Amino acid sequence: MKRVIVTVLLLSVALGAGAQDMAPPPPLDDSHFGWLIGEWQGTNETPMGTVKEWVKYEMGVGGQFVLIDYKNESDMGTFTGKGALTVSQDGSIKGVWFDSWRTISNGKGTREGKTTKMVWDGAMGKQTRVMERIGDDTYVEKITMSTPQGEMQATSEMKRVKKKK
């Protein structure tokens, strides 16, 4: 009986120590993501015309991810999407995206100064998005998409309409 109690105590201590090593990282403390939090609206200039856009960025999942809620209106109707971004332990940016066209994409990226570059890969092909912080309440995102018809480019200009809470 003593052996069982000693074994249980030792396992409890070992598992407790292991659990401390497995604690989640602290919430993201990233100046770019912190600046981005809030609601934005603007336009996206595409070869097919101008699209009105709205996007909300907020911290979620215990502060580990920036959650994205997106909507645009065009002649083709309403398009919606959801996504999540984070900074991984190696310092790279990782993301996932899904939308009303049943697209699921995975993104990888880097940041240098006020510019973030993400490469997204999904069923619709590859897409490169370069977001540049222009000011406290403005960003521009240049998008290059590889499609079966060739390369297509678009540019979004977004203005902050609501700061983070």
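Me: Is V61 buried or exposed, and where does V61 sit?

Reply: Buried means under 20% relative accessible area, exposed over 50%, and partly exposed in between, with a 1.4 Å probe and protein chains only. V61 counts as exposed, because its relative accessibility is 57%, and its place is in the loop between β2 (49-60) and β3 (65-74). Helices (H or I, at least four residues) and strands (E, at least two) are DSSP runs, numbered from the N terminus. This is a predicted model, in which local features need pLDDT of at least 70 and side-chain atom pairs count only at pLDDT 80 or more, while totals for chains, interfaces and linings use all residues. Residues are numbered from 1 along each chain as its sequence is written, and side-chain values use heavy atoms, with hydrogens and water left out.

Me: What is the phi of V61, and what is the phi of R102?

Reply: Most residues other than glycine have a negative phi. Phi of V61 is near 55 degrees, a positive value in a residue other than glycine, and phi of R102 is near 60 degrees, again positive in a residue that is not glycine. R102 lies in the loop between β5 (93-99) and β6, and R102 counts as exposed because its relative accessibility is 79%.

Me: How do the helices and strands follow one another along the sequence?

Reply: The protein has two helices and ten strands, and read along the sequence the pattern is α-α-β-β-β-β-β-β-β-β-β-β. Of its 165 residues, 33% count as buried.

Me: Which residues does S156 touch, and why does S156 count as buried?

Reply: Contact means heavy atoms within 4.5 Å. S156, found in strand β10 (residues 150-163), counts as buried because its relative accessible area is 2%. Leaving aside residues up to four places away in sequence, S156 touches T43, N44, E53, Y139, V140, E141 and I143.

Me: What joins the side chains of N44 and S156?

Reply: A polar contact is a pair of N or O atoms within 3.5 Å; within protein, one must be able to donate a hydrogen and the other to accept it, and residues adjacent in sequence count only if both atoms are side-chain atoms. Here the side chains of N44 and S156 are joined by a polar contact of 3.2 Å. N44 is found in strand β1 (residues 38-46) and is buried, because its relative accessibility is 9%. The C-alpha atoms of N44 and A154 are separated by 6.6 Å, although these residues are 110 residues apart along the chain.

Me: Where is K108, and which residues does K108 touch?

Reply: K108 is found in strand β6 (residues 104-112) and counts as exposed because its relative accessibility is 59%. Not counting residues up to four places away in sequence, K108 touches I93, K117, M118 and V119; K108 and M118 are ten residues apart in sequence and 5.5 Å apart in space, C-alpha to C-alpha.

Me: What volume does the largest pocket have, and which residues lie nearest its centre?

Reply: Rolling a probe the size of a water molecule over the atoms shows where empty space is left. On a 1 Å grid over the protein atoms alone, with a 1.4 Å probe, a pocket is an open set of points with protein on both sides within 12 Å along at least five of seven lines, and lining residues have an atom within 4 Å of a point. Grid points are joined across faces, edges and corners, and a volume is the space filled by probe spheres set on the points. The largest pocket has a volume of about 1,300 Å³ and is lined by 49 residues, of which Y70, F79, Q127, R129 and M145 lie nearest its centre.
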